[in-house]
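Subject: Structure for your review

Hello,

Please find the structure below. My notes on the ligand site and the sheet follow it.

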Amino acid sequence: TENTLATPVGTTLERYIMRKQSEFAYATGELSQLLRDIALAGKIVNRDVNRAGLSRITGAMGEKNIQGENQQKLDVEANIRFVRALTNGGEACAVLSEEDEDIIQTGNVNGKYVVAIDPLDGSSNIDVNVSIGTIFSIYRRVSRIGGPARKEDFLQGGRAQIAAGYVLYGSSTMLVYTTGHGVAGFTYENSLGEFFLSHPDIKIPRQGPVFSCNEGNWFDYPEFVRTFLTTCKERRLTARYVGSLVADYHRNLFTGGIYLYPPTVDKPEGKLRLLYECYPLAYLIEQAGGVAVSGADVLLDVPPTRDLHQRAPIFVGSADLVEELRCIATK
Ligand code: P6P
C-alpha cells in the first residue's frame, strides 16, 4: 500500500528509492540498484555535457585531447558511461542502445533486468548547446537466468515495462522516472553531486496551450495531422519546438500540450524509435495522466516487431489534445 506520508520535497534520490523500496513488499532491491546505476551515469554524463562547451579548448570531440586520448563524440561517450554503470551495477544482463545495432551483453548473467536506452538523444543539439536528454526503459528479463540475454527480453511490448524515465541536461539537470506508481522528478545539485526530490507527483494538465512539431514537414504530413494542426492554429495555441525530444516533452509535461512526430513521406513510420524513445515516454505520460498514441492506436499497445530499432509515429501529451488528434486520425 502507498505510504500515507508523502515523501518530502528535498529528499535525496537515495532516500526516496529506499523509502519506495520499503513501501512495496515485492521490491527486493535489484530495481533500486538499477535506478542508482542510471542516476550515477546521469551525473557523469551531466559533467561531460557541461564540459563539452570547452572541447574547443581541450580539443574538439572526435580528436585527440591533451592526454593524446581520442575524445569520443558526446553521444558515444554517454553510451559508454551508461553501459559501464549498468555493467558495474550488476543488475542489468543486457542493454539495447541507440548507439549499437545489437544488444550489449553486460556479462551479468544473473541480472534480472534489461535496459533499452537512448544515451544522449539529439546529437545535432549537442553541437549547438541546446538542452539534450537520456531516455531509458526497463524490463524484467524473460530469458533464463544464468545465461545471456536474448532479443525477446526487449520485445515484450510497451506494457511490460517496469520502469522508465529520462535525464534532461537543461538549464538544470533533472531525473524524471516512474516505476508504475506515478512520476517523480529530481533536480541535480552540482555542488553536492546529489539529485533532490523536487517534483514528487508530476501530473500533466488535461488541456494545454502548446503544440510541438516540425512544421517544415507540413507538406509531408498525413491529412489528419494537418487537420489537427490547423485546429491548433485556429484556437491560437502556442507553437513551441526546441527540436530536442526530451526538452519538448518535459516542457509540455508542465505547461500541458502535445508533441507530434508524425509519419512523413521519407519516414512513413516517423523518426523516433519505439523501444527506447516512444515506449518509455508513453509509459511516463500515462503515469502522469496523459495519453500517447501512434495515430489511431495507443502507443503502449503498438506491438514490437523483431527490429530492435524500429520507428513509430508519436503523438504524446495532454489527454484532451491527444484524444482530439486520435479522433481525427480514426475518422
Ligand atoms: P526533426 C533529435 O534529432 C530528435 O531525435 C529528437 O530529439 C527531436 O525531437 C527530433 O529528432 C527532431 O527531428 O526532424 O524535427 O529535426
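The ligand is surrounded by D121, G122, N214, Y241, G243, S244, L245, Y259, Y261, K271 and L272. Please keep in mind that this is a predicted model.

How much of the ligand's exposed area does the protein bury? On its own, the ligand exposes 400 Å², and 81% of that is buried by the protein.

Now the sheet. The model has an open sheet of 8 strands with mixed pairing, in the order β2-β1-β3-β4-β5-β6-β7-β8. The edge positions belong to β2 (104–105) and β8 (194–199); each has a single partner strand, so one side of each has no neighbour in the sheet.

Helix α1, residues 13–23, packs on this sheet and touches β6 (173–178), β7 (183–189) and β8. The direction of α1 makes about 5 degrees with that of β6.

Within the sheet, β4 (residues 132–140) pairs with β5 (residues 163–169) over 7 bridges, in the antiparallel sense.

Regards

Note on methods:
Residues numbered from 1 in each chain as written. Predicted model: local features only at pLDDT ≥ 70, side-chain atom pairs only at ≥ 80, totals over all residues. Heavy atoms only, no water. Pairing = 2+ DSSP bridges. Helix = DSSP H or I, 4+ residues; strand = E, 2+ residues; numbered from the N terminus. Contact = heavy atoms within 4.5 Å. Axes fitted to C-alpha atoms, helices over the stretch in contact; angles between N-to-C directions. Near = heavy atom within 4 Å. Areas by Shrake-Rupley, 256 points an atom, 1.4 Å probe, with all protein chains shown as cover.
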